[in-house]
Amino acid sequence: MVNFMNISKTKIEGLLVIEPKVFGDERGYFMESFNKLALASYIGNYEFVQDNQSLSEKRVIRGLHFQNPPYDQGKLVRVIKGSVNDI
């Protein structure tokens with residue numbers, strides 16, 4: 001299996017840094033942002049159900065809402081352009 005992402009563990013248990021490898025040329029680029037097989041050894045038998053993406057203007061504050069079981073959801077945050085201040 002070809003791995004199209006770099007995956008690094010962090011000091012926080014269960015928190016990973018996932019950096020997709022971007023393959024670009026004059027047409028644009030391709031990247032795989034999620035691959036169940038590539039992440040299986042990190043996340044186990046996990047069903048990925050939903051992927052949301054939003055665009056925010058400068059100085060916009062967004063929140064990720066905490067949910068208690070059985071309604072809890074894992075969160076994947078990806079910054080495409082600019083920066084994020086995670087508090």
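## Backbone features

Arg59 lies in the segment after α1; helices (H or I, at least four residues) and strands (E, at least two) are DSSP runs, numbered from the N terminus. Its phi is near 65 degrees, a positive value in a residue other than glycine. With a relative accessibility of 80%, Arg59 counts as exposed (buried means under 20% relative accessible area, exposed over 50%, partly exposed in between, with a 1.4 Å probe and protein chains only).

Pro70 is also found in the segment after α1. The peptide bond that leads from Pro69 to Pro70 is cis, and its omega is near 5 degrees. As background, most residues other than glycine have a negative phi, and most peptide bonds are trans.

## Basis of the model

The model is predicted: local features need pLDDT of at least 70, side-chain atom pairs count only at pLDDT 80 or more, and totals for chains, interfaces and linings use all residues. Residues are numbered from 1 along each chain as its sequence is written, and side-chain values use heavy atoms, with hydrogens and water left out.

## Overall architecture

The protein chain contains 1 helix and 4 strands, arranged along the sequence as β-β-β-β-α. Its radius of gyration is 15 Å, well over the 12 Å given by the globule rule for 87 residues, so the chain is more spread out than a compact globule. This radius is taken over C-alpha atoms, and the rule is 2.2 Å times the number of residues to the power 0.38. Along the principal axes, the C-alpha atoms fill a box of roughly 45 × 35 × 25 Å.

Of the 87 residues, 6% count as buried. The chain exposes about 8500 Å², of which carbon and sulfur atoms supply 52% (Shrake-Rupley method, 1.4 Å probe). Among contacts with a separation of 6 or more, 31% join residues 24 or more positions apart, where contact means heavy atoms within 4.5 Å.

## The largest pocket

The largest pocket has a volume of about 2800 Å³. A pocket is an open set of points on a 1 Å grid over the protein atoms alone, where a 1.4 Å probe fits, with protein on both sides within 12 Å along at least five of seven lines; lining residues have an atom within 4 Å of a point. The volume is the space filled by probe spheres set on the points.

Of the 50 lining residues, Leu64, Lys75, Leu76, Val77 and Arg78 are the closest to the centre of the pocket. The elements giving two or more residues to the lining are β2 (16-20) and α1 (36-43), and β2 supplies the largest share, 5 residues.
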